[in-house]
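This briefing covers a predicted model. The points below concern strand pairing, helix packing and aromatic side chains.

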Amino acid sequence: MAVPAPFSLSSDPFASKSATSTILGPAVLKIGNFEQTHFGLFTALRRNQGFTLKASMGPPGFTEKLNNNRLKTLADAEDGCDIFNDLKDRFLSFKKNKYMKNIEQFENLAKVQTPKFMVIACADSRVCPSNVLGFQPGEAFMIRNVANLVPTFESGPSETNAALEFAVNSLLVENILVIGHSCCGGIRALMGMQEDDAERSSFIKSWVIVGKNARKKAKAAASNFSFDEQCKHCEKESINHSLLNLLTYPWIEEKVANGELSIHGGYYDFTDCSFEKWTLDYRGTKLEENGSIAAKNKIFWC
């Protein structure tokens with residue numbers, strides 16, 4: 001089995017190639033659309049099929065109220081179809097303009113992936129790395145969570161470190177990039193927590209407490225600033241905190257020390273569309289508890 005050459009971010013991953021096959025003709029898609037649309041309406045109708053009988057037994061105006069509810073249900077069903085029709089159009093556009101024009105590339109990707117990047121980003125809908133940094137299929141293995149946090153090795157299993165293990169030990173990525181962003185709700189929740197909040201039952205609080213050391217540093221460094229400014233400071237501090245946490249994984253630290261793996265921080269400010277990037281300098285970084293990173297290769301794009 002031939003292994004495709006790794007993708008280069010500087011090259012055009014969608015260079016023109018001949019299409020050799022088709023998948024699902026227009027007729028099949030049309031039928032599928034018809035069935036899905038009418039099934040949704042049929043389901044909505046079934047939920048309301050008893051209204052006529054019940055209406056005759058109710059007080060004056062009851063029939064009109066039920067009919068209005070029925071119309072509202074049908075309108076909701078049609079709105080739902082419109083939402084997915086839009087997604088269908090986007091998918092078919094992707095298939096026509098990218099997949100079918102680069103069928104050989106996608107056939108290779110179906111056999112193996114060789115991404116150069118592991119990306120850890122926030123789940124926030126405004127900061128999709130593929131949109132912001134232009135990652136193409138096969139270029140980056142990604143995990144997204146609230147506030148783009150990396151728990152320590154000692155914290156135990158999580159989706160994030162499961163993805164890290166696969167990316168580093170199986171896919172052999174050469175770069176890990178942790179991307180934070182402006183106006184982060186997860187960081188705001190972390191900064192607004194009281195000392196006893198971690199004891200209360202909340203999935204969000206139980207997760208963002210991973211960044212407690214970053215919160216402590218941000219509070220100390222920006223104590224004279226407004227809460228919003230403290231949050232912005234913590235958004236960047238938490239990225240560095242996550243870079244330090246990455247080094248608590250023995251198989252990550254070993255590869256970083258040997259020069260086989262680089263770890264980077266990135267900060268996307270969508271209020272002015274700017275991006276900062278820096279790389280952890282392993283030799284200058286203090287790894288003890290509450291340590292600090294040394295950064296190199298700092299870049300600012302605006």
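**Sheet, helix and ring contacts**

His 264 stands opposite Thr 279, a residue of strand S5. The two strands involved in the S4–S5 pairing, residues 262–269 and residues 274–280 respectively, run antiparallel and are joined by six bridges.

**Sheet architecture**

- The model contains an open sheet of six strands, arranged in the order S2-S1-S3-S4-S5-S6 with mixed pairing.
- Its edges are formed by strand S2 (140–145) and strand S6 (295–301), each of which pairs on one side only.
- On average, neighbouring strands of this sheet are turned by 20 degrees against each other, with direction ignored.

**Helix on the sheet**

- Helix H6, spanning residues 159–170, lies across strand S1 (117–122), S2 and strand S3 (175–181).
- Relative to S2, helix H6 runs at about 170 degrees.

**Aromatic pairs**

- The count of aromatic pairs comes to eight.
- One of these is formed by Tyr 99 and Phe 106, with 5.0 Å centre to centre and 35 degrees between the planes.
- This pair is classed as tilted, because an angle that is neither under 30 degrees (stacked) nor over 60 (edge-to-face) falls in that class.
- Ring pairs link Phe 94, Tyr 99 and Phe 106 into a cluster.
- Phe 106 has 10% relative accessibility and therefore counts as buried, the cut-off being under 20%.

**Charge over a ring**

- The charged end of Lys 236 sits over the ring of Tyr 267, at 5.0 Å from the ring centre.

Terms used. Residues are numbered from 1 along each chain as its sequence is written. This is a predicted model: local features need pLDDT of at least 70, side-chain atom pairs count only at pLDDT 80 or more; totals for chains, interfaces and linings use all residues. Side-chain values use heavy atoms; hydrogens and water are left out. Rings of Phe, Tyr and Trp (its six-membered ring) pair if their centres lie within 6.5 Å; planes under 30 degrees apart count as stacked, over 60 as edge-to-face and the rest as tilted. Buried means under 20% relative accessible area, exposed over 50%, partly exposed in between (1.4 Å probe, protein chains only). A charge sits over a ring if NZ of Lys or CZ of Arg is within 6 Å of the ring centre and within 35 degrees of the ring normal. Two strands pair if DSSP finds at least two bridges between them. Helices (H or I, at least four residues) and strands (E, at least two) are DSSP runs, numbered from the N terminus. Axes are lines fitted to C-alpha atoms, for helices over the stretch in contact, and angles run from 0 to 180 degrees between N-to-C directions. Contact means heavy atoms within 4.5 Å.
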